[in-house]
Amino acid sequence: MSKMTPQEMAQKIGSGLLSFPVTPFKADYSFDEATYRANMDWLCGYDVAGLFAAGGTGEFFSLTPSEVPQVVKIAVDETKGRVPVLAGTGYGTATAREIAIGAEKAGADGLLLLPPYLTHAEQDGLAAHVEAVCAAVKIGVIVYNRDNAILQPDTLARLAERCPNLVGYKDGIGDIELMTRVYTKLGDRLTYVGGLPTAETFALPYLDMGVTTYSSAVFNFVPEFATKFYAAVRKRDHETINAGLKNFILPLIAIRNRKKGYAVSIIKAGMKVIGRDSGPVRPPLTDLTEQEIAELTALVKNLPAIRSSQQAAE
C-alpha cells in the first residue's frame, strides 16, 4: 500500500518531469522482468517526479489484467520509494476497478485511468466510470482526457466534489480552449499533466495555462535530454527549447508519424539504440524498420549529452 496521500502524490508529480517506462518483452512476447528492473533502477538516477508503470508507453493495452499488478509490484520494489510509481488502469468499468485494486495492493502511489475500451459514452456514463474506479481505491486517481473519454469541465467539477482522491487531469487531445475552460473551472483542485504524444511540442504553451508537468516518452532513452528540456521549459528558455525541438523532437516526430502505433514503437526502438534493448512491441503494434532505427540512431548520436554519456561508459 502507498504511504502517500492522494494530495501528496499529486503535489509531487506536479513538481517535475514524468515518464512512462516501456514494458520489456522477450522474443516470445513474455514479460522480461530482469530488463524492467534494470531500466527502472537506471531511470531513478535522473531527476524525475513520477514513473507510470504499465502506462500507454508501457503497452498497458497489450497487458493482461493480471500482468498489470505484476509489473507495478516490480516497479515499486525496484524504485524503493525513490520515485512515486503510478499504474495504468482502464477497459470497462468492472475491469478497470479490478486492475486498480490490484495495483493498489501492489504498492502503487496512484492511478492513471485510461479511456474505456472501444465504446463511446455520454458524460453521465463517463462520470459513473470514473467515480467507480475512484471509490474502489484510496490512492490518487488521474483521469486521461483523450479519444472516447473527453470529460467536460462541469463533469470534472462534479467528480471533484464527489471523489476526494480524484487529484489529476491529463490532457491527451491538445484542445487549448477546453484546457483553458477546465483550468478556469477547477483551478488548483487538480494537478494538470500534459499527455499528448511527444508532449515536448506543447510544453511551453501549456505551462502558461497551469500545466506544470508533462509525460516525456523520450525520457526512456534520452533522459539527459528530456530533463534538460523540461528545465528549459520551466525557465521559459526559448533558445534551448527551440533547439531541442528542431534538432531532436521534430525529426523524431517525422519518423513516428510514418505508421500507426509508432508513438510506442519508436520508444522501444530508442531503448535498443542506447544499448538497453527492451525487446519488441506486442501485436497489434509493429516495430520500426532497420532503416528507421538507423535514422533514430543518428538523431540520438547527434545529441551532445548522449554522446558524452556514451563516451563516459566506454
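Me: Does Arg 162 count as buried or exposed?
Reply: This is a predicted model: local features need pLDDT of at least 70, side-chain atom pairs count only at pLDDT 80 or more, and totals for chains, interfaces and linings use all residues. Residues are numbered from 1 along each chain as its sequence is written, and side-chain values use heavy atoms, with hydrogens and water left out. Buried means under 20% relative accessible area, exposed over 50%, and partly exposed in between (1.4 Å probe, protein chains only). Arg 162 has 56% relative accessibility, so it counts as exposed.

Me: Which residue meets the side chain of Arg 162 in a salt bridge?
Reply: A salt bridge needs a side-chain nitrogen of Lys or Arg within 4 Å of a carboxyl oxygen of Asp or Glu. For Arg 162, the N to O distance is 3.0 Å, and the partner is Glu 131.

Me: How many residues apart in sequence are the parts that Glu 131 and Arg 162 tie together?
Reply: Helices (H or I, at least four residues) and strands (E, at least two) are DSSP runs, numbered from the N terminus. The salt bridge joins Glu 131 to Arg 162. Glu 131 lies in helix α5 (residues 123–136) and Arg 162 in helix α6 (residues 153–162), so the parts tied together are apart in sequence by 31 residues.

Me: Which residue of helix α3 (residues 67–79) pairs with Arg 282?
Reply: The salt bridge of Arg 282 has an N to O distance of 2.9 Å, and its partner is Glu 67. Arg 282 sits in the loop between α11 (262–273) and α12, so this pair ties together parts that are 215 residues apart in sequence. Both side chains belong to buried residues, Arg 282 and Glu 67.

Me: By about how much of the helix are Lys 73 and Asp 77 separated?
Reply: Their side chains meet in a salt bridge, 3.1 Å from N to O. Lys 73 is partly exposed at 44% relative accessible area, and Asp 77 is partly exposed at 34%. The two are four residues apart in helix α3, so their separation is about one helical turn.

Me: How many salt bridges does a search of the whole structure find?
Reply: Side chains of opposite charge can pair when their charged atoms come close. Glu 33, Arg 37, Glu 78 and Lys 80 are linked in a network of such bridges. Searching the whole structure gives a total of 14.

Me: How do α10 and α12 run relative to each other: roughly parallel or roughly antiparallel?
Reply: The axes of α10 (residues 238–256) and α12 (residues 290–301) come within 10 Å and cross at roughly 175°. Axes are lines fitted to C-alpha atoms, for helices over the stretch in contact, and angles run from 0 to 180 degrees between N-to-C directions. Under 35 degrees counts as roughly parallel, over 145 as roughly antiparallel, 65 to 115 as roughly perpendicular and the rest as oblique. The two helices, α10 and α12, are therefore roughly antiparallel.

Me: Which residues of α12 make the contact with α10?
Reply: Contact means heavy atoms within 4.5 Å. From α10 come Asn 247, Phe 248, Pro 251, Leu 252 and Ile 255, and from α12 come Glu 292, Glu 295, Leu 296, Leu 299 and Val 300.

Me: What is the relative accessible area of Asp 171?
Reply: Asp 171 lies in strand β6 (residues 166–171). Among the residues it touches are Tyr 144, Met 179 and Tyr 206. Asp 171 is buried, with a relative accessible area of 1%.

Me: What is the omega of the cis peptide bond between Pro 283 and Pro 284?
Reply: Pro 284 lies in the loop between α11 and α12. The bond that joins Pro 283 to Pro 284 is cis, with omega at about 15°.

Me: What is the phi of Asp 147?
Reply: Asp 147 is in the loop between β5 (140–145) and α6. Asp 147 is exposed, at 54% relative accessible area. Although Asp 147 is not a glycine, its phi is positive, about 50°.

Definitions and conventions:
Lists of a residue's contacts leave out its neighbours within four places in sequence.
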